[in-house]
Amino acid sequence: MLDKLTSTLNLHGNALLLRSERQRVIASNIANADTPGYKARDFRFSEALKQAGAVPDERAPAARGVRSSGHIPLRPGGSGDQAGKPGYALQTEPALDDNSVNMDRERAAFMDNAVRYEATLRFINYQSRTLQSAITGQ
């Protein structure tokens with residue numbers, strides 16, 4: 001019974017850890033924007049969360065583009081071949097120094113991730129208060 005009460009908190013706890021890791025990766029990209037030859041890194045948050053076991057993968061075949069058992073699943077484009085491990089971001093603009101950091105993309109990703117991190121914190125606080133009020137009977 002207690003695991004049912006805390007399963008949602010586990011989901012948000014895993015999401016919070018992954019959000020902080022993604023924030024670290026993006027901050028590293030921004031810090032190395034002027035480093036010649038640096039390759040920007042990123043990972044797919046939803047796949048990393050599934051790999052963490054927090055979200056059941058009910059639509060896995062359809063989500064990967066597989067409609068039949070004979071089909072070869074599509075490989076996701078972009079970054080991160082292995083979920084949860086940072087892959088390399090696609091370079092959209094060629095750079096003379098072979099640096100693949102796009103500051104506009106990194107700033108947008110940083111802000112988006114920060115907002116989602118804050119939202120996850122608010123979900124955890126709200127659920128903690130709800131559990132506390134249910135336990136104390138208020």
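Select α4 and α1 to begin, and look at the face between them, where the buried residues of α4 pack against α1. Buried here means under 20% relative accessible area, while exposed means over 50% and partly exposed lies in between, with a 1.4 Å probe and protein chains only. The model is a predicted one, in which local features need pLDDT of at least 70 and side-chain atom pairs count only at pLDDT 80 or more, whereas totals for chains, interfaces and linings use all residues. Residues are numbered from 1 along each chain as its sequence is written, and side-chain values use heavy atoms, with hydrogens and water left out.

**The whole chain**

Helices (H or I, at least four residues) and strands (E, at least two) are DSSP runs, numbered from the N terminus. Of the 138 residues, 25% count as buried, and the accessible surface comes to about 9,600 Å², with 56% of it belonging to carbon and sulfur atoms; these areas come from the Shrake-Rupley method with a 1.4 Å probe, and for residues only the protein chains shown count as cover. Among contacts (heavy atoms within 4.5 Å) between residues at least 6 apart in sequence, 74% join residues at least 24 apart.

**Along α4**

Return to α4 (103-136), which has 34 residues and reaches 49 Å from its first C-alpha to its last, close to the 50 Å expected at 1.5 Å a residue; the expected span is 1.5 Å times one less than the number of residues. Within this helix, select Glu106, Ala109, Asn113, Thr120 and Ile124, which are buried. Just after the helix, Gly137 takes a positive phi of about 80°.

At the other end, select Asn102, which lies in the loop between β2 and α4 and caps the N-terminal end of α4, with a side-chain oxygen 3.1 Å from the backbone nitrogen of Asp104. A polar contact is a pair of N or O atoms within 3.5 Å; within protein, one must be able to donate a hydrogen and the other to accept it, and residues adjacent in sequence count only if both atoms are side-chain atoms. Asn102 counts as buried because its relative accessibility is 18%, and, not counting residues up to four places away in sequence, Asn102 touches Thr92 and Glu93.

**Two loops**

Stay in the loop between β2 (87-88) and α4, and select Asp98, which has a positive phi of about 65° although it is not a glycine. Most residues other than glycine have a negative phi. Asp98 counts as partly exposed because its relative accessible area is 41%.

Thr35, in the loop between α1 (2-31) and β1 (41-42), touches Asp97 and Asn99, leaving out residues up to four places away in sequence. Thr35 and Val101 are 66 residues apart in sequence and 9.3 Å apart in space, C-alpha to C-alpha.

**The nonpolar cores**

Finally, select Ala15, Leu18, Val25, Phe43, Phe45, Ala48 and Leu49, the 7 residues of the largest nonpolar core. α1 and α2 (45-51) are the elements that give two or more residues to this core. Such a core is a set of buried Ala, Val, Leu, Ile, Met, Phe, Trp, Tyr and Cys residues joined through side-chain atoms within 4.5 Å. Ala15 is in contact with Phe45, Leu49 and Thr120, leaving aside neighbours within four places in sequence. A second, separate core of 5 residues includes Ala33, Ala40, Ala89 and Val101.
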